[in-house]
Amino acid sequence: MKKEDRLIPVVTIVFYHGEEEYDGCRSLHDMLHFVKENEIFKQYIPNYHINLVTLRELREENFHTDVRELIGFMKRRRSKKALEEYCRENKERIRQMEEDTFEAVSVMINQPELIKKKAIYEEGGKINMCKAMEDWKEELLKEGMERGIKAMILDNMEEGVPKERILKKLQKHFGLDADSAEKSFSRYGVYH
């Protein structure tokens with residue numbers, strides 16, 4: 001390196017997106033274990049401050065790019081109801097999401113399988129996250145219904161309820177036609 005050469009500054013930012021309040025280290029000295037015999041070294045080690053940004057502190061309305069939606073989804077990722085409401089309230093922006101933001105949101109809300117389906121949601125070079133969320137909700141409903149059907153079949157079988165009666169219950173309680181009830185029974189219930 002020549003005398004006149006200068007380095008380009010680099011700023012490191014730590015982004016904490018956990019649910020709980022951040023209680024980790026906020027400086028280099030906090031990370032080091034200074035005990036009596038090595039306390040003397042503390043004065044020779046610069047105490048670098050950690051530039052910490054937490055999800056809790058970020059306000060979506062302060063952003064005017066897709067970062068706003070990323071933060072919005074991340075803050076609501078633990079509540080399907082909150083996500084649904086957020087999508088409804090911000091429909092216009094969420095229908096026009098950039099591909100990289102769509103992928104980041106999919107990972108952050110723990111739905112990486114949406115990335116594999118993104119071509120389905122593409123409209124005019126943008127990704128319609130509203131449609132992706134609606135499809136996800138529909139899949140969850142179907143999954144819940146399947147669990148309910150399975151539980152009902154197995155519970156009735158444990159009680160010794162005859163197959164014909166179980167089929168009628170499936171039709172009555174789940175709105176299945178006779179053929180669908182039979183298929184569900186053959187999938188989950190086998191009398192020995």
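Start by selecting asparagine 110: at 57% relative accessibility, asparagine 110 counts as exposed. Buried here means under 20% relative accessible area, exposed means over 50%, and partly exposed lies in between (1.4 Å probe, protein chains only). Asparagine 110 is not a glycine, yet its phi is positive, at about 60°. Look for asparagine 110 in the loop between H5 and helix H6 (113-116). Helices (H or I, at least four residues) and strands (E, at least two) are DSSP runs, numbered from the N terminus.

A word on the model. It is predicted, so local features need pLDDT of at least 70 and side-chain atom pairs count only at pLDDT 80 or more, while totals for chains, interfaces and linings use all residues. Residues are numbered from 1 along each chain as its sequence is written, and side-chain values use heavy atoms, with hydrogens and water left out.

**Zoom out: the whole chain**

Switch to cartoon. The chain has ten helices and four strands. From the N terminus, the elements run β-α-β-α-α-α-α-α-α-β-β-α-α-α. The radius of gyration is 27 Å, well over the 16 Å that the globule rule gives for 192 residues, so the chain is more spread out than a compact globule. That radius is taken over C-alpha atoms, and the globule rule is 2.2 Å times the number of residues to the power 0.38. Taken along the principal axes, the C-alpha atoms fill a box of roughly 90 × 55 × 30 Å.

The chain exposes about 13,900 Å², with carbon and sulfur atoms supplying 52% of it. These areas come from the Shrake-Rupley method with a 1.4 Å probe; for residues, only the protein chains shown count as cover. Of the 192 residues, 29% count as buried. Contact means heavy atoms within 4.5 Å. Among contacts between residues at least 6 apart in sequence, 52% join residues at least 24 apart.

**The N-terminal segment**

Select lysine 2. Lysine 2 sits in the segment before strand S1 (13-16). Its relative accessible area is 57%, so lysine 2 is exposed.

**The loop between S2 and H2**

Next, select leucine 58. It lies in the loop between strand S2 (51-54) and helix H2 (67-75). Is leucine 58 buried or exposed? Leucine 58 is buried, because its relative accessible area is 16%. Show what surrounds it. Beyond its neighbours within four places in sequence, leucine 58 is in contact with Phe15, Val53, Phe63, Ile71 and Lys75. Glutamate 69 is eleven residues from leucine 58 in sequence, and their C-alpha atoms are 12 Å apart.

Stay in this loop and pick glutamate 60, which also lies between S2 and H2. Glutamate 60 is buried, with a relative accessible area of 14%. Which residues does glutamate 60 contact, leaving aside its neighbours within four places in sequence? They are Arg68, Ile71, Gly72, Lys75, Arg76 and Tyr86.

**Between H3 and H4**

Move to asparagine 90, in the loop between helix H3 (80-89) and helix H4 (91-94). At a relative accessible area of 14%, asparagine 90 is buried. Its side chain reaches the backbone oxygen of tyrosine 86 at 2.9 Å.

**The cores**

Select Phe73, Ile94, Met97, Phe102, Ile109, Met129 and Met133. Of the 17 residues in the largest nonpolar core, these touch the most other members. Such a core is a set of buried Ala, Val, Leu, Ile, Met, Phe, Trp, Tyr and Cys residues joined through side-chain atoms within 4.5 Å. H3, helix H5 (99-108) and helix H8 (129-158) each give two or more residues to this core. H8 supplies the largest share, five residues.

Centre on isoleucine 109. Leaving aside its neighbours within four places in sequence, isoleucine 109 contacts Phe73, Arg77, Leu83, Met129, Met133 and Trp136. Then find the second, separate core of eleven residues, which includes Ile149, Met157, Val161 and Ala181.

**Last stop: the cysteines**

How many disulfides are there? The count comes to zero, where a disulfide is a pair of cysteine sulfur atoms within 2.5 Å. Select cysteine 87: it is in no disulfide, and the nearest cysteine sulfur, that of cysteine 130, is 5.3 Å away. Cysteine 87 is buried, at 7% relative accessibility. Finish on cysteine 25, which is partly exposed at 28% relative accessible area.

Terms used:
A polar contact is a pair of N or O atoms within 3.5 Å; within protein, one must be able to donate a hydrogen and the other to accept it, and residues adjacent in sequence count only if both atoms are side-chain atoms.
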